[in-house]
Amino acid sequence: MRELLDLTRELADKELRPEVDAAEREGRFPREAFRLLGRSGLLGLPYPEQWGGGGQPYEVYLQVVEELARVWLTVGLGVSVHTLTCLPLAVYGTGEQRDRWLPEMLGGELLGAYCLSERARGTASTA
């Protein structure tokens, strides 16, 4: 686990930190950061290795998210959202669906997202 957290800190400090100010100022989504994290094995930590995951307990995954968010909150939150969107596929998807989609999702080539809406807030609210 120590090596994984060291890798996370190194990537966050050397690769992410230099991009934060400009990306946030410009409102630019850090897509390449997610590819980097996927190639580094950090997007699929709580998922089985057979699909490219890390096979790590959630406690380890959450420590990695915390380290990423320490440097760039947008990326930390994005990793959290992406990881959550992989769950229904990993748990309820067919074997064919898992084989088709999870390797690219856990590897960072595809990103998952979801939309939330509440009756009196967000996209569903009326004046």
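Me: How many residues apart are Glu-104 and Arg-100 in helix α5?
Reply: Glu-104 and Arg-100 are four residues apart in α5 (residues 95–106), about one turn of the helix. Helices here are DSSP runs (H or I, at least four residues; strands are E, at least two), numbered from the N terminus. This is a predicted model, in which local features need pLDDT of at least 70, side-chain atom pairs count only at pLDDT 80 or more, and totals for chains, interfaces and linings use all residues. Residues are numbered from 1 along each chain as its sequence is written, and side-chain values use heavy atoms, with hydrogens and water left out.

Me: In what do the side chains of Glu-104 and Arg-100 meet?
Reply: They meet in a salt bridge, at 2.9 Å from N to O. The term requires a side-chain nitrogen of Lys or Arg within 4 Å of a carboxyl oxygen of Asp or Glu.

Me: Over which ring does the charged end of Arg-100 sit?
Reply: It sits over the ring of Trp-101, 4.0 Å from the ring centre. The criterion is NZ of Lys or CZ of Arg within 6 Å of the ring centre and within 35 degrees of the ring normal.

Me: And how accessible is Arg-100?
Reply: Arg-100 has 42% relative accessibility and counts as partly exposed; Glu-104, at 32%, is also partly exposed. Buried means under 20% relative accessible area, exposed over 50%, and partly exposed in between (1.4 Å probe, protein chains only).

Me: How many salt bridges does the count come to?
Reply: The count comes to eleven salt bridges. One of them joins Arg-35 and Glu-32, with the closest N and O atoms 2.6 Å apart. Those two residues are three apart in helix α2 (residues 31–39), so about one helical turn separates them.

Me: Which residues are linked in a network of salt bridges?
Reply: The network links Arg-2, Asp-6, Arg-9, Asp-13, Arg-17, Glu-67 and Arg-70. Within it, Asp-13 and Arg-17 form a salt bridge whose closest N and O atoms are 2.8 Å apart.

Me: Why are Asp-13 and Arg-17 separated by about one helical turn?
Reply: Because they are four residues apart in helix α1 (residues 2–26). Asp-13 is partly exposed at 34% relative accessibility, and Arg-17 is partly exposed at 41%.

Me: Let us stay with α1. Where does its kink lie?
Reply: The kink, of about 50 degrees, lies at Leu-16, shortly before Pro-18. The bend at a residue is the angle between axes fitted to the seven residues ending there and the seven starting there.

Me: Which residues of α1 are buried, then?
Reply: Leu-4, Leu-5, Thr-8, Leu-11, Ala-12, Leu-16, Val-20 and Ala-23. Their cover includes α2, α3 (58–71) and α4 (73–92), contact being heavy atoms within 4.5 Å.

Me: Changing topic: how many aromatic pairs are there?
Reply: There are two aromatic pairs. Phe-29 and Phe-34 have ring centres 5.3 Å apart and planes at 5 degrees, so this pair is stacked. The rings of Tyr-58 and Tyr-61 also have centres 5.3 Å apart, but their planes are at 80 degrees, so the pair is edge-to-face. Rings of Phe, Tyr and Trp (its six-membered ring) pair if their centres lie within 6.5 Å; planes under 30 degrees apart count as stacked, over 60 as edge-to-face and the rest as tilted.

Me: Is Tyr-61 buried or exposed?
Reply: Tyr-61 counts as buried, at 4% relative accessibility, whereas Tyr-58 is partly exposed at 39%.
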